[in-house]
Amino acid sequence: MDETRRREYLRAMGVERWVLRPEPGEPQPEPSPVQRSPVPAASPAGPEVGEGVPPPSAQDSGTASGGDRDLPAWLLEEPPQTDDYIPAREPAEYPADLEPAVGPVTDLSALGWDELRERVGECRGCELHRSRANTVFGVGDPAARLLVIGEAPGADEDRQGEPFVGRAGQLLNAMLAAIGLRRDQVFIANILKCRPPGNRDPRAEEVQHCEPYLRRQIELLAPRVILCVGRVAAQNLLQSGEAVGRMRGKALFYREIPTVVTYHPAYLLRSPEQKAKAWADLQAAYRKLTP
Ligand code: URA
């Protein structure tokens, strides 16, 4: 990134002072006072929030050098020049000859993880089963303390049967790494288990049919904290009509589980100036994770 753009970009994120990265061979500058995001202290409950993972300011996603050295690298990455990796919204079309939906799922309260996964895999509760390649149950540690909830699978996730594997997923991984968590140490799920065609917003009836699956996942997981990424996740989980900008920073709960709302990584890829707020939200989630 050229220096002027870098300065504008950092300023937009509220970073007013920094030290330039030295050229190869130049001496490393002394740290100078910079405006830094507060970084959560490494917790004595380390194993539960990231065993063997360096403290939150120095994750494997990398930290910026020079005066930005305590800010995670994902926060400072060059904003994309185009957003053509965000798929265009296409009209939802279903082939006419596929099986119709069969209605709501029945009581799931007795199901364990394996049976629940199986039930999701064979779900035909709404029309989305017609166009999916795979259901996307969720991934991670079934004993995780942090549950991340997104919106719905996109094209990559539908193809691979795993949530957050595309560009947004890479950013989510880096964001988690910045608070000391690898992807396999949290659980990641979505409001919907099937991809809405063209990545359109989930419809109310689709959310309604899918909701018991997520509810049962949350019962089984009993996470200490839920991190909702994006409007669709937050509004549907918390039954709210508020924008993410109004929900974030508030003490919210889903069935008594502290719930932190932040921006969706796909939105952050398009609006990197909001990353500093997402970083503050992540740190809030981290603090709630630690006893
Ligand atoms: N966006 C989501 O909300 N969920 C995914 O799994 C992928 C992208």
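Residues are numbered from 1 along each chain as its sequence is written, and side-chain values use heavy atoms, with hydrogens and water left out. Because the model is predicted, local features need pLDDT of at least 70 and side-chain atom pairs count only at pLDDT 80 or more, while totals for chains, interfaces and linings use all residues.

The protein has eleven helices and six strands; helices (H or I, at least four residues) and strands (E, at least two) are DSSP runs, numbered from the N terminus. Of its 291 residues, 49% count as buried, where buried means under 20% relative accessible area, exposed over 50%, and partly exposed in between (1.4 Å probe, protein chains only). Among contacts (heavy atoms within 4.5 Å) with a separation of 6 or more, 73% join residues 24 or more positions apart. The protein exposes about 14,000 Å², and carbon and sulfur atoms supply 48% of that area. Accessible areas come from the Shrake-Rupley method with a 1.4 Å probe; for residues, only the protein chains shown count as cover.

The ligand is surrounded by Gly150, Glu151, Ala152, Glu157, Pro163, Phe164, Asn190 and His264; a residue is near the ligand if one of its heavy atoms lies within 4 Å of it. This shell divides into three nonpolar, three polar and two charged residues. In that scheme Ala, Val, Leu, Ile, Met, Phe, Trp, Tyr, Cys and Pro count as nonpolar, Asp, Glu, Lys and Arg as charged, and the others, Gly among them, as polar.

A polar backbone atom of Glu151 is 2.7 Å from a ligand oxygen, and a polar backbone atom of Phe164 is 2.9 Å from a ligand oxygen. For Ala152, a backbone N or O atom lies 3.1 Å from a nitrogen atom of the ligand. On its own the ligand has 230 Å² of accessible area, and the protein covers 91% of it.

Gly169 is found in helix 6, residues 167–178. With a relative accessibility of 1%, Gly169 counts as buried. Gly169 and Pro265 are 96 residues apart in sequence, yet their C-alpha atoms are 7.4 Å apart in space.

Gln274 sits in the loop between helix 10 (265–270) and helix 11 (275–289). Its relative accessible area is 14%, so Gln274 is buried. Leaving aside neighbours within four places in sequence, Gln274 is in contact with Tyr263, Tyr267 and Leu268.

How values were computed:
A polar contact is a pair of N or O atoms within 3.5 Å; within protein, one must be able to donate a hydrogen and the other to accept it, and residues adjacent in sequence count only if both atoms are side-chain atoms.
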